[in-house]
Amino acid sequence: MSRPSTVRWRVLALLVLASFISYVLRYNVSTAGPAMMVDLDLTEAQFGYILAAFTAGYTIFQFPGGVFGDVLGPRRALAAIMVAWAALTLLTSAVPDDGYGGATFTVIALVVVRFLVGAAHAPIYPLTGGVVERWFPVGGWALPNGLSSTGLTLGTAATAPVLAWMLTFLGWRQSFVLLAPLGLIGAALWWWYARDNASEHSATNAAEVGLIYANRPLAAKADDDQPSWLRVLRNRNVILLTLSYFCMNYVFYQMFNWVFYYLVTVRGFESQHAGFLTSAQWIAAAVGATAGGLLCDALCRRYGMLRGCRWPAMFGVTLSGLFLLAGSLSDSAYVAVACLAASFLFNQLTEGAFWAAGIAIGGRHAAAACGVMNTGGNAAGFINALLVPFTASTLGWTAALITGTAFAFASAVLWLFIRTDQPVAD
């Protein structure tokens, strides 16, 4: 019998590239913020509205983005949104300054554009879940999702230094124009090579197709006429997984939103030194995402999807909460930094397990199920942005960080009730 071909890994490489491009083209505004504020005469509050518009669009369109992928198919859907990323990046570069209608018009224009940017990027990870479900065998879903998370961390790490260099010589508008074609390149490569299903690709052999479709659990037959998207929304395991992912992602947003500020204002690091330490934490997160994918897949193959997803997720969020607690209580600034990096590593160790669980529960509706899960994950960003500064101002920064420990432990407890072996009915 011939050995399975490796087309699925090339498809995954394109997904990782798409994840990298997505983070370059979504966080360009955050990196270019100071230059844009000076050029467009924006206040910090106005720029905050612009950043919040992206988060709103990104969160609102997670589930619709997953349904969009299920209806259109991942090949067409992912190519379409990457073209939209390029077009909206160009549109951002063309937003007029206050000389074309005043500062209010400029702010409104940027808020609208950034909301659309968020909406266009929202389907990327629900679609990734759908592609992985179609292209990888049972017990092999965590590593591809972990590597996709690695792509986003590398995209985040690359954006700041590269774009900062471009801003120095070109300005923010011209820099955005040069970055925009990344979306078109990603769309062209994806459309050229990817297919909706492994059996449709001319380069896959029978052995690879057989490997991918072996041991698939049969979804229960639905006994009602509800549309598939409504069954996903009402599924108990989807809801529990979403709540657990919300709690886990609270810690992610603690790292994403506040660690740099915390290191500078609370721990007393100089800004450049704090920037280096923050970058090191993202590298630790990339290591955790990859290692977590490998661990989860190995456990799924040995013990099944139920325990294979549950164990690394519970282990990761528990250790993430414990290291966060240790870092917040430590008197040593460098011990705190090490603990926060370890917390972020173990936080991202769970990514593969969460997304593999979303795929297993969603079945052929994996994109929609992952969209619901990621809606909850990004809603945590809103809660974190409000709760952390409130807690810090009333109880201090130690208490503010410990809120993340409480959410991490809650995420672990919820995993006791999640059944990844019970897919959504068809």
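## A buried pair

Arg-8 is buried, with 11% relative accessible area. Its salt-bridge partner is Glu-208, and the closest N and O atoms of the two sit 3.1 Å apart. Glu-208 is buried too, at a relative accessible area of 0%. Keep in mind that this is a predicted model.

The two residues come from distant parts of the chain: Arg-8 belongs to helix 1 (residues 7-26) and Glu-208 to helix 11 (residues 206-213), 200 residues apart.

## The other salt bridges

The count comes to three salt bridges. One of them joins Arg-173 and Asp-39, with 3.9 Å between the closest N and O atoms. This pair also links distant parts of the chain, with Arg-173 in helix 9 (residues 172-179) and Asp-39 in helix 2 (residues 28-40), 134 residues apart. Arg-173 is partly exposed at 21% relative accessibility, and Asp-39 is partly exposed at 40%.

Then there's Asp-421 with Arg-419, where the closest N and O atoms are 2.7 Å apart. Asp-421 is partly exposed at 40%, and so is Arg-419 at 30%.

## Two helices side by side

Now for helix 13 (residues 236-265) and helix 15 (residues 305-329): they pack at about 30 degrees, and their axes are 11 Å apart. Angles under 35 degrees count as roughly parallel, so helix 13 is roughly parallel to helix 15. Their crossing is left-handed.

Which residues make the contact? Helix 13 brings Met-248, Val-251, Gln-254, Met-255 and Tyr-262, while helix 15 brings Val-317, Ser-320, Leu-324, Gly-327 and Ser-328. By class, that's six nonpolar, four polar and no charged residues.

Note on methods: Residues are numbered from 1 along each chain as its sequence is written. This is a predicted model: local features need pLDDT of at least 70, side-chain atom pairs count only at pLDDT 80 or more; totals for chains, interfaces and linings use all residues. Side-chain values use heavy atoms; hydrogens and water are left out. Axes are lines fitted to C-alpha atoms, for helices over the stretch in contact, and angles run from 0 to 180 degrees between N-to-C directions. Helices (H or I, at least four residues) and strands (E, at least two) are DSSP runs, numbered from the N terminus. Angles under 35 degrees count as roughly parallel, over 145 as roughly antiparallel, 65 to 115 as roughly perpendicular and the rest as oblique. A crossing is left-handed if the near helix is turned anticlockwise from the far one by less than a right angle, and right-handed if clockwise. Contact means heavy atoms within 4.5 Å. Ala, Val, Leu, Ile, Met, Phe, Trp, Tyr, Cys and Pro count as nonpolar, Asp, Glu, Lys and Arg as charged, and the others, Gly among them, as polar. A salt bridge is a side-chain nitrogen of Lys or Arg within 4 Å of a carboxyl oxygen of Asp or Glu. Buried means under 20% relative accessible area, exposed over 50%, partly exposed in between (1.4 Å probe, protein chains only).
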